[in-house]
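Dear colleague,

I am handing over the structure below, and after it I set out what was found. Please keep it open while you read.

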Amino acid sequence: MSKIWYEIKQNVFASESKNKPGSYKGIIKIIKYFESLQIKNLILENPLLNYSDPNLSFIKDNEVKHGTIGDLKELLTILRTKKIKPLVKIDLQRIKEISNYLDNYNNYLEMKSRAIQRKENWVDFLNNMQKDEKEYQTESFFIKTQTIDFESSWSANETIKKFKKIVNFFYNAGFRGIIIHNFEYLYSRERDKILNDKTTNQLKAIYSNIKTEMKDFTVVWESEILNWNYLNLKKLNHEEFFDYLIDTSFASLNKNYKYGYPIYHEINYKKFAAYFGAALSSEKNIVALQSPWVSRIASLWGNENSFFNESVRSLLILNLINNRDKKIYFGQEIGMLNMKEEFVNKINDFELNEIKHKLLNNGIELDEFFNSFNKFYTENLNYEMIWNKDQTKNPNLKNLEKINVKSQWEDENSNLNFFKKLVSLNENKSYQDLIQNSQYSFSIKSKNIFLVNILIKTPFFKLRIISNLEHSFQNVKLKKTSRILVSSYTRKKYHEIPKKLEPFETLVLIEKINNSEADFVNTIYNTVLK
């Protein structure tokens, strides 16, 4: 049965109390939220990032704000008790740095141990920190490894050795899986050299080493490569390399680099259909429309104003109605948006101004630059999860009255409750049994119109998803004998199969129904979707 994967950034996801940043204890308080969404896999950010600086004050400040590794272990234990598998995401290109962060953490524990032996309290410890910190930095692996000689001499064996050490730390903390981002760039960022023999041999060794010692530890590769021909994954036997694969490239279909900077452009819809088909081609692929690196998908592909709810629901249907595992980035279920454009446009950063002038000198107009910057500003993905409308005083967030968990939880017609219905459908065993061996075909009306037509053929019936992601009406040809199972227009009454789709109207229809399938559809509708 396919599962829902949910990705968070724990430092902004849930706070222990009002006006405090996100923390492990805050997440513990809202575990029931994951259960209500039937989340089976929870992806957390690398906790060692809180130890990226060997400075003791920096580390202590992070632990006060976000929690200790002990707090993390408590959270992970509770998640496993609730049958939610916790996974950690790391950037494989930063494996050397992460190794240093782990050493920073271990050295920090040693310093705390020294303080305890001297019977110091934390105030005394911080007051007397100067002497210890000087010794700490002299001994620190972090300081000693930042040399050209070290960088150039890092070997494949060293990578395996350090990686095993890191994975053992995560496993002992309570994680039961790892998301490996940037795996294809282990040795080179040049497109014609990525995933070469040297890289694949190393990745194979990494996977083998993990599975030899931790058979229950899930290994997931994550890629944002647009052209999967570069990866040529078909030549790889996934059983020797990974358990699952996440493609986060969909949101990057709107991104085109000019002079080294991402510029927004309209999506190539034919290419979207091809990539979506590729994502559903293997049971080991995890479908993810929202990229944690690009933009809020509701802002990128949806309509923030007139058809906000309809566009959010359309994107949820595309993400969730299939027989593969699915990944949701936090806030996607309530339609969290990019921040206000006027705020982003006022950012005065030296490097940004340099880029702006460079693009202007090469013919990129200011409007195009600002539109691109608004779309791809990374902080759009890093602001806090919105639990209620009064939680934040951030003036740059949009529509807080409706885009928050509490308001949507109480509204049976909300995007959140729509998401929960789709997840319930996904969890329905009868539904899963029928679509698990289905075949998919994709079509797009034209390269200029975002009208997606997905046909899912099961041994018993056809399931069609027709999605109009345009701001205008679109003509469609649908079988009159079809039965509408789901619509992004939740309040709309359908007396007949429509000949036109309204803006951001998405339908899930059952075709070729006989009496037994009709009974199944009625059961699903009345028990799950109604």
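Ala279 has its place in helix H14, residues 269-279, where helices (DSSP runs of H or I, at least four residues) and strands (DSSP runs of E, at least two) are numbered from the N terminus. Ala279 is buried, with a relative accessible area of 6%; here buried means under 20% relative accessible area, exposed means over 50%, and partly exposed lies in between, with a 1.4 Å probe and protein chains only. Although Ala279 and Ile246 are 33 residues apart along the chain, their C-alpha atoms are separated by 8.4 Å.

Before going further, please note that this is a predicted model, in which local features need pLDDT of at least 70 and side-chain atom pairs count only at pLDDT 80 or more, while totals for chains, interfaces and linings use all residues. Residues are numbered from 1 along each chain as its sequence is written, and side-chain values use heavy atoms, with hydrogens and water left out.

Next comes the barrel. Eight strands close into it in the order E1-E2-E3-E4-E5-E6-E9-E10, and the pairing is parallel; two strands pair if DSSP finds at least two bridges between them. From one strand to the next, the twist averages 30°, with axes taken as lines fitted to C-alpha atoms (for helices over the stretch in contact) and angles running from 0 to 180 degrees between N-to-C directions. As background, strands of a sheet pair through backbone hydrogen bonds, either parallel or antiparallel.

Trp5 stands opposite Lys327 in E10 and opposite Asn41 in E2, while the bridge partner of Glu7 in E10 is Tyr329. Both faces of E1 are covered, with Ile4 and Tyr6 buried on one side and Trp5 and Glu7 buried on the other.

Strand E12 (residues 449-457) and strand E13 (residues 462-468) run antiparallel and are joined by seven bridges, and the two form a hairpin with four residues between them. Lys457 has Lys462 in E13 as its bridge partner. E12 is mostly covered, since seven of its nine residues are buried.

Which residues of helix H4 (residues 56-66) are buried? They are Leu56, Ile59, Asn62, Glu63 and His66. Seen down the axis of H4, these buried residues fall within an arc of 130°, so they line one face of the helix; the arc is that of the directions from the helix axis to the C-beta atoms. At the start of H4, a side-chain oxygen of Asn55 reaches to within 2.9 Å of the backbone nitrogen of Ser57, and just after H4, Gly67 takes a positive phi of about 110°.

Asn404 is found in the loop between helix H19 (366-376) and helix H20 (405-409), and at 0% relative accessibility it counts as buried. Its side chain reaches the backbone oxygen of Leu400 at 2.7 Å and the backbone oxygen of Glu401 at 3.2 Å. These are polar contacts, that is, pairs of N or O atoms within 3.5 Å, where within protein one atom must be able to donate a hydrogen and the other to accept it, and residues adjacent in sequence count only if both atoms are side-chain atoms.

Leu425, in helix H21 (residues 415-427), counts as buried at 1% relative accessibility. Leu425 and Leu320 are 105 residues apart in sequence and 9.4 Å apart in space, C-alpha to C-alpha.

Lastly, a search of the whole structure finds three cavities of 30 Å³ or more. A cavity is a set of points, on a 1 Å grid over the protein atoms alone, where a 1.4 Å probe fits but cannot get out, and its lining residues have an atom within 4 Å of a point; grid points are joined across faces, edges and corners, and a volume is the space filled by probe spheres set on the points. About 50 Å³ of space lies in the largest cavity, whose lining includes Gln290, Ile297 and Met336. Helix H16 (308-320) and helix H15 (297-300) each supply at least two residues of this lining, and H16 gives the most, with three residues.

With best wishes

Technical notes:
1 Å grid on protein atoms, 1.4 Å probe; cavity = no way out; pocket = protein on both sides within 12 Å on 5 of 7 lines; lining within 4 Å.
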